[in-house]
Amino acid sequence: METLYAEAPRIERHDFPAYFEKPTKDYLRVMTASPEVTIADPVANVAATKEAYASAIENEAELLVLPELNLTGYSTADLFHNEHILETTQAALYDLAEATVEGPALIVGAPLVHAGKLYNCAAVLAEGTIQGVVPKTRLPNYGEFYEKRWFSSGRNVTDQVMAIGDAEVPFGTDLLFDINGTKVGIEICEDAWAGIPPSSYAALAGAEVIVNLSASNELIGKKEFRQQKISDLAGRLLCAYVYTSAGKGESNADVIYGGHQMIFELGHKLEERTPHDKTTDKLVADIDRQHIQHDRLQNKTFADEAEEIQAEYNFRTIPVHVKRPDDEAVMQFIDPLPFVPANPETLDQRCDQIMGELAEAFAERLKDVGSKGIVLGLSGGLDSTLGILIAAETAKRLGKTNSFINTITMPGPASSERTQDNATILANALGTTHLIKPIGPLTELLLETIEHDGVTEDITFENTQARIRTAIQMNYANKIGGMVQGTGDMSEIMQGWSTYNGDHMSMFNPNAGVPKTLVRHLVRWYADRKATPEVKAVLDDILDTPVSPELTGNGALDQTTDSIIGPDELRDFFTYHHMRYGSRPQKLGFLAAHAFAGKYDHATVSHWLQAFLARHTNSQWKREAMPNGTKIGTIALSPRGDLRMAPNTSANWWR
């Protein structure tokens with residue numbers, strides 16, 4: 001499998017310890033908590049808040065977010081207007097601010113008076129002072145809620161300062177807080193439920209993290225609604241969203257509070273405390289701001305809207321410097337198989353959808369060109385097995401029997417009996433029009449024609465076999481008026497693991513958007529969900545067969561793909577983080593070391609990471625000429641779509 005037209009240049013390898021150092025500036029460690037409140041008693045609530053704050057210090061958090069009105073309790077009701085409650089709340093803020101001299105930033109909920117009006121506020125405390133106060137904008141006044149009885153809306157409050165004791169504190173909905181380089185915006189409970197929530201403006205003004213202090217009571221189905229709402233906001237605003245709600249201690253006279261907490265990043269859940277969870281009252285997670293910055297840099301729709309908002313609204317940014325975590329851990333699950341859902345039910349649904357989408361796309365292409373049949377090289381390996389299963393689903397959509405599928409098995413000098421037998425058994429079990437055409441004589445003839453000794457198992461020896469197989473398929477397709485179906489998967493395309501104008505080429509390739517780690521699960525899903533017992537038996541054996549190009553050796557399957565270009569799971573992991581988030585090489589190594597801790601040591605990760613980057617860069621010239629194939633996920637490699645890259649890009653750009 002060539003990498004370049006000639007032998008690939010030697011890439012000098014180095015040991016890069018920096019690959020495994022934590023990129024601290026990429027992360028903001030956030031903690032949420034729902035400490036038990038004592039209604040109308042700020043002094044007691046300060047004590048509970050300090051306990052939560054001590055836990056935040058222990059977890060090396062940079063930001064602690066507490067629920068709405070946690071210094072008084074959301075259920076304080078008409079006592080919000082009591083002078084003693086309001087004075088005690090101000091004193092509580094000073095007390096808590098003093099506790100933040102060396103710890104994380106703290107955001108608490110408090111009722112505060114400004115210019116003769118009472119506001120439902122979020123106060124940001126850090127570095128021993130009150131850094132700023134943000135008022136709630138949308139006040140619910142329906143059903144069980146009647147906040148307008150006590151509070152005024154902060155809708156038009158901008159560019160103001162609030163007197164808290166002797167201090168003049170920035171006050172308004174136009175505040176962002178730059179905590180160790182990450183901009184944080186704030187909204188409170190109902191704000192998020194508005195048609196245009198305040199977080200929309202804050203995110204477009206630059207906030208990478210939105211926090212929401214809430215006091216949302218529990219109702220049947222409300223947990224799921226909140227999850228959907230917060231996920232949508234984090235995805236739509238290209239941000240992280242940190243939500244924490246009131247829980248134990250709030251009045252249960254007519255409603256009940258569960259202390260629901262969630263941390264989402266770009267629509268994906270990092271952590272959640274479900275309502276009434278007895279095992280914990282807090283969450284801790286590292287938010288990856290590099291992911292957020294990447295998506296915003298890439299998304300021009302967001303950039304255009306941000307430009308419009310920033311021209312119309314002036315946000316004030318308050319710098320906050322707190323101690324960063326000393327540990328090398330990442331308080332976020334790093335999925336070693338990012339293309340494969342861990343939840344079995346989700347995986348089942350995903351496989352069903354993928355097979356359906358690929359078959360639908362292939363059927364449309366076949367109809368468009370008036371194809372009289374599918375031509376598929378069936379080797380007995382995983383990729384061509386997925387190909388024939390997609391072909392079978394495609395034929396069904398076209399109202400054809402599987403005889404519409406023309407499978408050709410082409411054993412060569414290094415082909416194993418196991419794979420060739422499995423190919424024939426599978427074709428017969430599915431009822432395809434099957435041909436067996438050994439390529440040994442053609443290989444010998446072609447090698448003799450170009451004056452190759454026919455014995456040396458070099459790149460010419462290998463690629464001759466691949467090109468002969470492709471030529472047979474193409475010519476047979478011409479003969480029957482059919483279309484050649486490609487089988488190379490996304491992982492192979494990413495690494496250039498194909499022979500140019502050999503298995504690299506087809507007339508349409510449904511596998512092009514499927515990474516290798518997912519190929520196996522799709523075949524397993526088909527075996528378990530759709531296959532007859534006869535088909536399942538051969539699929540099970542194919543799944544147990546080592547992955548090999550079978551171009552050298554004596555058919556003993558000793559030429560394994562993993563040993564040449566690295567383990568599938570590592571390559572797909574690198575592909576995901578490189579393509580999805582544009583992560584720098586050092587970040588790729590760091591993440592892989594954590595995701596595969598205990599399985600691959602640093603030297604192994606470093607070796608295959610450098611090989612991955614070199615092969616990926618050196619293979620763009622192949623991708624420039626790749627056939628059409630369906631995009632099914634967030635990552636695709638088509639030069640006409642997702643991956644525009646010069647074929648002469650420096651092979652050492654990543655050093």
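**Close-up 1. Asp-178 and its partners in the strands on either side.** Asp-178 has Lys-183 as its bridge partner in strand S9, and in S15 Asp-178 stands opposite Pro-319. This is a predicted model, so local features need pLDDT of at least 70 and side-chain atom pairs count only at pLDDT 80 or more, while totals for chains, interfaces and linings use all residues. Residues are numbered from 1 along each chain as its sequence is written, and side-chain values use heavy atoms, with hydrogens and water left out. Strands (E, at least two residues) and helices (H or I, at least four) are DSSP runs, numbered from the N terminus; two strands pair if DSSP finds at least two bridges between them.

Close-up 2. S8 (residues 175-179) and S9 (residues 182-188) run antiparallel and are joined by three bridges. With S15 (residues 316-320), S8 pairs in the parallel sense over five bridges. Why is S8 largely enclosed by the rest of the structure? Because four of its five residues are buried (under 20% relative accessible area; exposed is over 50%, partly exposed in between; 1.4 Å probe, protein chains only).

**Close-up 3. Inside the largest nonpolar core.** This core holds 73 residues, and Ile-179, Ile-186 and Val-211 are among those with the most contacts inside it. A nonpolar core here is a set of buried Ala, Val, Leu, Ile, Met, Phe, Trp, Tyr and Cys residues joined through side-chain atoms within 4.5 Å. Helix H18 (residues 602-618) brings the largest share, seven residues. Leaving aside residues up to four places away in sequence, Val-211 touches Leu-63, Val-184 and Ile-186, among others (contact: heavy atoms within 4.5 Å).

**Close-up 4. Asp-41 in its loop.** Asp-41 sits between strand S1 (27-33) and helix H1 (42-58). Its relative accessible area is 29%, so Asp-41 counts as partly exposed.
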